[in-house]
Amino acid sequence: MSRSSRKLEHIRYALENQSMNIGDFDQVQFVHQSISQVSLEDINLETVIGGLKLGSPIIINAMTGGAMETTKINQKLAVVARETGVAIAVGSQMAAIKDSTLRRSYQIVRQENPKGVVFANLGSEALPSHALAAIEMIDANALQIHVNTIQELVMPEGDRNFKGMLERIQEIKEAIEIPLIVKEVGFGFSKESAAQLKDIGVKLIDVGGKGGTNFAYIENRRREKPLEFFNQWGNSTPISILEVKAVSGIDIIASGGIRDSLQAAKALGIGANAVGIAGKILEKIVHQNEKEAMDYLVEIHEELRYIFTALGAVNILELQKKPYVLSADILNWCHQRGLILKNSLQ
Ligand SMILES: Cc1cc2nc3c(=O)[nH]c(=O)nc-3n(C[C@H](O)[C@H](O)[C@H](O)COP(=O)(O)O)c2cc1C
């Protein structure tokens, strides 16, 4: 099967999968604060990830490109990103590196959003030359390298050999001049993997946790004999944030099952610097229209301001100092994993 046909199947099954997964965010609760001392109009949602300044903590995460049919989706996503002031990542660009006729399906994002923050995207099989080509293709502000071993293993035509992954990421890190983001695609991160990446100089991780779009489910739909046990595999997004937070010096993008403002606020509150949304925005674009997708993001920004105000936090740094409580399951995970819960007011 060609990469283009695979991309279209991913979109189809991802849309089918959107309402199936719930995630762990209900296991994180902010402690209500009666004394706020801040005004809604003073809330500042700006953030910095890997030295890159963003006007909003929301990122439209990597999805499409690589099939002519996806040019239209990427165009709409780019308009939504431009109009709402959020950063946007394109889907894996290897297809266009192999076949230059597909470049336009990615370049449309930069064309529609010339001044915006746009991330390039490749898999961990990429070499420095691929990385430089992907960055140049869309004049990217950062590069995402996705690590997706479970997806590849379940994918009928996927990779089975992951040797040299760390070395390739290190070579890319050394070859490029913009921030490098290493991201998962929905199975989450551990502190061990984060430490391995830190050792090779990576400073920015998108945890891509379990709880949203499920690529084991998607690839199992494409298999004759499903590997069912992978459907429940992975570390949830809140757990992944707490895992990566245990490794100092890494900025965290939280993604995987973020669908509303409260989930986004919780992700930021427990340690993320920004939040990625993929499947939910795709659903808005494909099943509704750009206007609905824009309204959805405007509403998240507005509601974040309300949540920050309720908690008495004027920005993300202050939000991260507000106390929260974890339910027994996550707390048990943290104890067994030796994760220290730093929460300044506790
Ligand atoms: C249709 C589709 C295609 C995707 N393609 C890519 C990709 O090419 N590269 C990548 O890093 N992640 C890809 N992802 C994963 C997302 O960036 C994100 O990590 C994942 O969907 C979890 O976020 P969500 O629960 O908000 O969807 C894709 C997601 C979807 C829904």
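Start by selecting D139, which counts as exposed because it has 11 C-beta neighbours inside 10 Å. You will find D139 in the loop between α5 and β7. Its phi is near 50°, a positive value in a residue other than glycine.

Two notes before moving on. You are looking at a predicted model, where local features need pLDDT of at least 70, side-chain atom pairs count only at pLDDT 80 or more, and totals for chains, interfaces and linings use all residues. Residues are numbered from 1 along each chain as its sequence is written.

**The loop between β1 and β2**

Next, go to Q37, in the loop between β1 and β2. Q37 also is not a glycine, and its positive phi is about 70°. Is Q37 buried or exposed? Q37 is exposed, with 9 other C-beta atoms within 10 Å.

Now click on L40, found in the loop between β1 (28-30) and β2 (47-49). L40 counts as exposed, with 12 C-beta neighbours inside 10 Å. Leaving out residues up to four places away in sequence, L40 touches R305, Y306 and T309; contact here means C-beta atoms, placed from the backbone, within 7 Å.

**Helix α4**

Select residues 104-112 to see helix α4, whose buried residues are S105, Y106, I108, V109 and E112. They cover an arc of only 150° around the axis, so they lie on the same side of α4; the arc is that of the directions from the helix axis to the C-beta atoms. What covers these buried residues? The cover includes α2 (70-84), β5 (87-89), α3 (94-98), β6 (118-123) and α5 (128-138).

**Helices α12 and α13**

Show α12 with helix α13 (residues 290-311): they pack at an angle of about 145°, with their axes 7 Å apart. Axes are lines fitted to C-alpha atoms, for helices over the stretch in contact, and angles run from 0 to 180 degrees between N-to-C directions. I281, K284 and I285 of α12 meet E290, E292, A293 and Y296 of α13. Those contact residues divide into four nonpolar, no polar and three charged. In this grouping, Ala, Val, Leu, Ile, Met, Phe, Trp, Tyr, Cys and Pro are nonpolar, Asp, Glu, Lys and Arg are charged, and the others, Gly among them, are polar.

**Around the ligand**

Bring up the ligand, which 26 residues surround, the closest being H146, G212, T213, A278 and G279. Which elements each supply at least two residues of the shell? They are α1 (3-17), β7 (142-146) and α12 (279-287). The shell has nine nonpolar, 15 polar and two charged residues.

**The whole chain**

Finally, zoom out to 15 helices and 12 strands, which are DSSP runs numbered from the N terminus: helices are H or I of at least four residues, strands E of at least two. Along its principal axes, the C-alpha trace spans about 60 × 40 × 40 Å. Buried residues make up 47% of the 346 residues.

Notes
A residue is near a molecule or strand if its C-beta atom, placed from the backbone, lies within 6 Å of it. A residue is buried if 20 or more other C-beta atoms lie within 10 Å of its own, exposed if 12 or fewer, and partly exposed in between; C-beta atoms are placed from the backbone. Two residues are in contact if their C-beta atoms, placed from the backbone, lie within 7 Å.
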